[in-house]
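Subject: Structure handover and notes

Dear colleague,

Please find below the structure I promised to pass on to you. My notes on what was found in it follow directly after, and I would be glad if you read them with the model open beside you.

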Amino acid sequence: EAARALPGEANIQFNLAAALQRHNEPEEAIEVLRSMLEIRPDHVPAMHMLGYTLASEGQYDEAIGLFARVVQLQPGYVSARLDLGRTGISRIPG
């Protein structure tokens, strides 16, 4: 309810996306994160979560782009570096 009432509130939207992800609703989480990033394109944790969710759905190219952007913005973001490597390896055929 709070997320619908306050669509511009990044932290509420981020928490909603995390809850959707935990409840195995990745499509909805992706939608919330995309909308959130339109409002707050600099929200690095949302970029990372969107990349992670996209990768889990097999959308590797976009996920890699997001992880790379996170690393560019925050070079010390270790989780994004690891996910960038893992996602790149996942794309290697057989």
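In what follows, an angle between two axes counts as roughly parallel under 35 degrees, as roughly antiparallel over 145, as roughly perpendicular from 65 to 115, and as oblique for the rest. Please bear in mind that this is a predicted model, in which local features need pLDDT of at least 70 and side-chain atom pairs count only at pLDDT 80 or more, while totals for chains, interfaces and linings use all residues. Residues are numbered from 1 along each chain as its sequence is written, and side-chain values use heavy atoms, with hydrogens and water left out.

The protein chain contains 6 helices and 0 strands, where helices (H or I, at least four residues) and strands (E, at least two) are DSSP runs numbered from the N terminus. Of its 94 residues, 36% count as buried, a word that here means under 20% relative accessible area, with exposed meaning over 50% and partly exposed lying in between (1.4 Å probe, protein chains only). If contact is taken as heavy atoms within 4.5 Å, then 41% of the contacts between residues at least 6 apart in sequence join residues at least 24 apart.

Helix α2 has two partners to describe. Its axis, for residues 10–22, comes within 11 Å of that of α4, residues 44–56, and the two cross at roughly 20°; axes are lines fitted to C-alpha atoms, for helices over the stretch in contact, and angles run from 0 to 180 degrees between N-to-C directions. The helices α2 and α4 are therefore roughly parallel to each other. Here F14, A17, A18 and Q21 of α2 meet P45, A46, M49, Y52 and T53 of α4. By class, this contact of α2 with α4 has 7 nonpolar, 2 polar and no charged residues, with Ala, Val, Leu, Ile, Met, Phe, Trp, Tyr, Cys and Pro counted as nonpolar, Asp, Glu, Lys and Arg as charged, and the others, Gly among them, as polar.

Against α3, the axis of α2 lies 8 Å away and the packing angle is about 165°, which makes α2 roughly antiparallel to α3. On the α2 side the contact is made by A10, Q13, F14, L16, A17, L20 and Q21, which meet E28, A29, V32, L33 and M36 in α3. Sorted by class, the contact of α2 with α3 has 9 nonpolar, 2 polar and 1 charged residues.

Two loop residues deserve a look. N24 sits in the loop between α2 and α3, and although it is not a glycine, N24 has a positive phi of about 55°; at 65% relative accessibility it counts as exposed. H43, in the loop between α3 (26–39) and α4, counts as buried at 8% relative accessibility. Leaving out residues up to four places away in sequence, H43 touches A10, N11, F14, M36 and L37, and the C-alpha atoms of H43 and A10, 33 residues apart along the chain, are separated by 8.1 Å.

Finally, T87 belongs to helix α6 (residues 78–90) and is buried, with a relative accessible area of 6%. Its contacts, apart from neighbours within four places in sequence, are A55, Y60, A63, I64 and F67.
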